[in-house]
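Subject: Handing over a structure, with notes

Dear colleague,

I am passing this structure on to you, and I would be glad if you looked through it before reading my notes. The sequence and the coordinates come first, and the notes come after them.

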Amino acid sequence: DRAFNVEQRLKALLPDIERMVERPFAAYDPDREANKVAFNWQLPISTGSSRRKRIYRGGFLYLNGFDGGMDSAGTFYGEELYRQSSPGIEDADYKLLILLQRLQQEQAAGVNIVGKARIATFLTPLDPLYFEAQGKAVATYDYTLTFSPVDA
């Protein structure tokens with residue numbers, strides 16, 4: 001569920017994030033627009049006084065392409081291309097690369113799957129430095145992933 005995943009990723013990256021009153025973090029309607037997730041959130045910040053301020057963000061996340069499969073060793077690989085569009089903020093393009101591998105020897109310790117994820121950020125043609133970047137990522141983020149069963 002893409003809307004659920006967007007909410008969980010936002011909470012993982014920004015633990016203080018809050019839901020806007022009467023709006024979901026993310027909305028996804030695969031029957032109407034299978035490649036689009038709308039999102040809304042707010043983040044409280046300290047202004048140096050006892051007063052707290054909130055930053056509001058909303059926009060859309062578009063899935064522009066994806067591919068995935070398994071190699072001969074049983075490792076899953078996936079690639080997803082996204083465009084984030086938020087009013088008043090520059091659009092950004094992202095590529096998510098992910099590798100997941102089941103570990104038989106680790107199952108006794110409760111770890112079933114380990115993986116790596118890399119997110120690369122690219123400029124869009126509307127950015128003044130787009131041509132200088134020559135299609136190369138302007139930022140990359142690497143993550144190590146560990147998946148274990150959750151007690152119900």
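Below is what was found, taken topic by topic.

Please keep in mind that this is a predicted model, in which local features need pLDDT of at least 70 and side-chain atom pairs count only at pLDDT 80 or more, while totals for chains, interfaces and linings use all residues. Residues are numbered from 1 along each chain as its sequence is written, and side-chain values use heavy atoms, with hydrogens and water left out.

The core

Salt bridges

The structure holds four salt bridges, a term used for a side-chain nitrogen of Lys or Arg within 4 Å of a carboxyl oxygen of Asp or Glu. One of them joins the side chains of glutamate 79 and lysine 95 at 3.4 Å, N to O. This pair links distant parts of the chain, with glutamate 79 in strand 4 (residues 76–86) and lysine 95 in strand 5 (residues 89–102), 16 residues apart. For accessibility, buried means under 20% relative accessible area, exposed over 50%, and partly exposed in between (1.4 Å probe, protein chains only). Glutamate 79 is partly exposed at 29%, and lysine 95 is partly exposed at 26%.

Another salt bridge brings together the side chains of aspartate 93 and arginine 83 at 2.5 Å, N to O; aspartate 93 belongs to strand 5 and arginine 83 to strand 4, 10 residues apart. Aspartate 93 counts as buried, with 16% relative accessibility, whereas arginine 83 is partly exposed at 28%.

Aspartate 142 and arginine 118 also meet through their side chains in a salt bridge, at 2.6 Å, N to O. Here aspartate 142 lies in strand 7 and arginine 118 in strand 6 (residues 113–122), 24 residues apart.

Aromatic rings

Rings of Phe, Tyr and Trp (its six-membered ring) pair if their centres lie within 6.5 Å, and planes under 30 degrees apart count as stacked, over 60 as edge-to-face and the rest as tilted. By this rule the count comes to two aromatic pairs. Phenylalanine 60 and tyrosine 62 form a tilted pair, 6.2 Å centre to centre with 40° between the planes. Tyrosine 130 and phenylalanine 131 form an edge-to-face pair, 5.1 Å centre to centre with 80° between the planes. Tyrosine 130 is partly exposed at 27%, while phenylalanine 131 is exposed at 68%.

Lysine 36 lies over the face of phenylalanine 60, at 4.2 Å from the ring centre; a charge sits over a ring if NZ of Lys or CZ of Arg is within 6 Å of the ring centre and within 35 degrees of the ring normal.

A glycine in a loop

Glycine 135 is placed in the loop between helix 2 (130–133) and strand 7 (139–147), and glycine 135 is exposed, with a relative accessible area of 60%.

How values were computed: Helix = DSSP H or I, 4+ residues; strand = E, 2+ residues; numbered from the N terminus.
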